[in-house]
Amino acid sequence: MSAPVQLRGVTRRYGDTVALDDVDLDLEAGSLTGLLGPNGAGKSTLVNLVSGLRRPDHGTVRLFGGDPRDAANRVALGTTPQQTGLPDTLRVGEIVRFVGAHFPDPVPAGELLERFGLSGLWRRQAGGLSGGQKRRLALALAFAGRPRLVLLDEPTTGLDVEGRRALWDAVRAFHQDGGTVLLTTHYLDEIETLAERVVVLAGGRIRADGDVDAVRGAVRAGRVSFRTTVAVPDLPGVEHAGRDGDRVVLHTTDPDALVRALVRHDVPFTDLGVARASLEDAFLTLTGGTR
Amino acid sequence: MSSITAAHARYLVLEQLRIPVAVLSTALFPALTLVFFVLPFDWGSDPVQVTRSVAQLALFGVLSGFLFTFGVGVADDREKPWDPYLRTLPAPASARVVGRLAVGALFALLGMLPVIVLGALFTPATVAPARLPLTVAALLVGGLPFLFGGLAIGYSLPTKAALPVTQLAFFPMAFGGGLLLPPEIFPSWLARATEVLPTRGARDLLLWALGGSAPSGLAVGAFVVWTAGLALLVGWAYRRDEGRRFR
């Protein structure tokens with residue numbers, strides 16, 4: 001069986017702006033991939049190409065081996081509407097049934113609502129739901145047709161802690177049953193918690209691709225932080241220095257050497273912290289610090 | 001109708017019904033036009049003429065309903081964030097368009113009903129019962145180019161452009177087609193020239209259904225060309241549409 005998603009040499013422009021520049025990407029069946037990138041990196045364009053909303057200028061996009069712009073090829077695809085996009089005047093049950101009618105074997109509406117903590121809201125109009133409830137309904141719709149691939153574009157933006165946990169559980173359960181997930185998010189901890197594979201996109205190109213540790217390792221950097229009241233001298237191996245009041249953060253390839261240098265230079269520091277690069281550090285380095 | 005088409009039709013009807021005032025205006029606009037343009041005049045003993053006037057106003061209602069509901073309505077829907085989501089569902093273009101057609105026809109019938117009732121009760125207009133189904137069919141068929149025209153506008157333009165374009169198209173079409181003044185009082189060159197308008201073909205077909213003279217070959221030919229051309233344009237505009245565009 002062909003991979004759920006296959007991009008070959010995909011380029012997409014909007015006027016003079018190049019949103020995606022000659023991108024190759026395969027998502028294997030059953031994989032859980034996080035797509036990271038600063039605003040304007042091309043994440044949404046990539047998701048829109050896979051869901052058939054847009055056409056590439058060059059290259060090919062394949063969804064389960066077919067053109068995503070043909071409706072029949074989207075039958076195993078689940079996506080979410082934006083939270084603000086639900087039709088306000090329709091009732092929750094009507095929306096779920098409407099979406100379910102597009103699929104050969106939809107999840108019964110009652111079961112779907114219960115799974116996303118929306119039981120009892122069957123007769124409420126979507127416009128009358130709270131922000132969190134709208135978000136959960138939008139997410140539930142992605143799973144209404146028993147999809148094999150789910151595209152989640154910033155799924156937890158606007159969710160409370162409980163809502164995020166519920167979503168993570170739903171994504172994990174779906175993944176354990178063999179489902180394929182492509183997730184974009186601004187929350188790096190979400191990628192660290194959920195994703196097996198991270199693809200970092202910046203300026204329309206893929207900058208890094210691998211498991212979370214590999215991407216983090218791509219920047220073999222550490223972070224040394226401390227408090228001091230004096231000016232910090234020039235130290236060897238510091239790639240980037242940041243200061244906020246008496247709080248100093250130094251980025252370096254060799255934290256051990258840097259700490260020895262601090263002591264040698266007699267810098268009066270307190271509250272010393274040494275950390276290996278977080279995914280966020282890797283992300284900032286890979287994307288040139290624009291977030 | 002496939003189940004997906006039925007789901008879309010049901011969805012569109014529900015959405016309309018939840019805004020009762022919109023339903024009311026669709027249902028009453030043609031009737032109100034009748035109240036102002038036909039009822040106050042003394043038609044005396046000319047039931048043929050008044051029947052034609054009533055029928056033309058019913059067509060006027062269908063024309064305005066189709067052009068505005070589909071032109072402005074579709075453009076507006078495309079700008080809502082719900083629309084891109086719908087486009088990711090496995091519904092073929094035909095299901096969405098046919099669903100819209102069915103609902104458009106339903107609401108057009110709703111707008112015709114008060115016109116027919118008022119016309120029958122308060123004017124000498126009469127239609128032989130045997131001709132009534134044919135007349136209603138002629139009204140719906142006559143509305144097709146405006147339905148496709150509305151959809152073509154809706155799928156090609158943003159709301160802010162769709163509204164003026166629809167208005168610009170609407171008046172010359174209604175007037176030139178003889179829906180407001182009968183073409184018999186036009187100068188003869190104008191009466192001939194307006195036969196190429198789809199409104200004129202629709203009107204002539206309608207009067208024929210009511211027992212008038214057959215429309216000219218030019219009027220029928222032009223009507224068919226408009227309908228087919230606009231239907232093709234809808235298909236093209238829908239395929240090409242990628243939702244809202246920014247540059």
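**A strand and its surroundings**

Guide: Happy to. A word on confidence comes before the walk: this is a predicted model, and the mean pLDDT of chain B is 86, with 96% of its residues at 70 or more. Within chain B, confidence is lowest in helix 2 (residues 20–37), at a mean of 82, and highest in helix 9 (residues 198–209), at 93. The model scores ipTM 0.78 and pTM 0.78.

Our part belongs to chain A, which has 9 helices and 13 strands. The C-alpha trace of chain A spans about 70 × 45 × 35 Å along its principal axes. Of the 291 residues in chain A, 41% are buried. Among contacts in chain A between residues at least 6 apart in sequence, 68% join residues at least 24 apart.

Now to the strand itself, strand 3 of chain A, residues 32–36. Here 5 of the 5 residues are buried, so strand 3 of chain A is largely enclosed by the rest of the structure. Both of its faces are covered: A:Leu32, A:Gly34 and A:Leu36 are buried on one side, and A:Thr33 and A:Leu35 are buried on the other.

What sits beside this strand? On one flank, 4 bridges join strand 3 to strand 7 (residues 180–184) of chain A, and the two run parallel. You can find two of the facing pairs by eye: A:Leu32 stands opposite A:Val181 in strand 7 of chain A, and A:Gly34 has A:Leu183 as its bridge partner in that strand. With strand 8 of chain A, strand 3 also pairs in the parallel sense, over 4 bridges. There, A:Leu36 has A:Val200 of strand 8 as its bridge partner.

Two loop residues are worth a stop on the way. A:Phe64 is in the loop between strand 4 (58–63) and strand 5 of chain A, and its phi is near 50°, a positive value in a residue other than glycine. A:Phe64 counts as buried because it has 21 C-beta neighbours inside 10 Å. A:Arg146, in the loop between helix 4 and strand 6 of chain A, also has a positive phi of about 50° although it is not a glycine. With 17 C-beta neighbours inside 10 Å, A:Arg146 counts as partly exposed. As background, most residues other than glycine have a negative phi.

The contact takes 25 residues from chain A and 22 residues from chain B. Strand 5 (77–79) and helix 2 (92–100) of chain A each supply at least two residues of the side of chain A that touches chain B. Helix 2 gives the most to that side, with 3 residues. By class, the side of chain A that touches chain B has 13 nonpolar, 9 polar and 3 charged residues.

Helix 2 of chain A has several buried residues, including A:Val92, A:Ile95 and A:Phe98. The buried residues of this helix pack against helix 3 (109–115) and helix 4 (131–142) of chain A, together with helix 1 (3–17) of chain B.

Our last stop is the packing of nonpolar residues. The largest nonpolar core has 133 residues, of which A:Ala140, B:Leu59 and B:Leu206 touch the most other members. Helix 3 (residues 47–79) of chain B gives the most to this core, with 16 residues. Apart from this core lies another, of 5 residues, among them A:Val224, A:Phe226, A:Leu258 and A:Leu262. As for A:Ala140, leaving aside its neighbours within four places in sequence, its contacts are A:Leu112, A:Leu113, A:Phe116 and A:Leu118.

Note on methods: Residues are numbered from 1 along each chain as its sequence is written. Chains are lettered from A and ligands numbered from 1 in the order in which they are written. This is a predicted model: local features need pLDDT of at least 70, side-chain atom pairs count only at pLDDT 80 or more; totals for chains, interfaces and linings use all residues. Two residues are in contact if their C-beta atoms, placed from the backbone, lie within 7 Å. Ala, Val, Leu, Ile, Met, Phe, Trp, Tyr, Cys and Pro count as nonpolar, Asp, Glu, Lys and Arg as charged, and the others, Gly among them, as polar. A nonpolar core is a set of buried Ala, Val, Leu, Ile, Met, Phe, Trp, Tyr and Cys residues joined through C-beta atoms within 7 Å. A residue is buried if 20 or more other C-beta atoms lie within 10 Å of its own, exposed if 12 or fewer, and partly exposed in between; C-beta atoms are placed from the backbone. Two strands pair if DSSP finds at least two bridges between them. pLDDT is the predictor's confidence in each residue, from 0 to 100.
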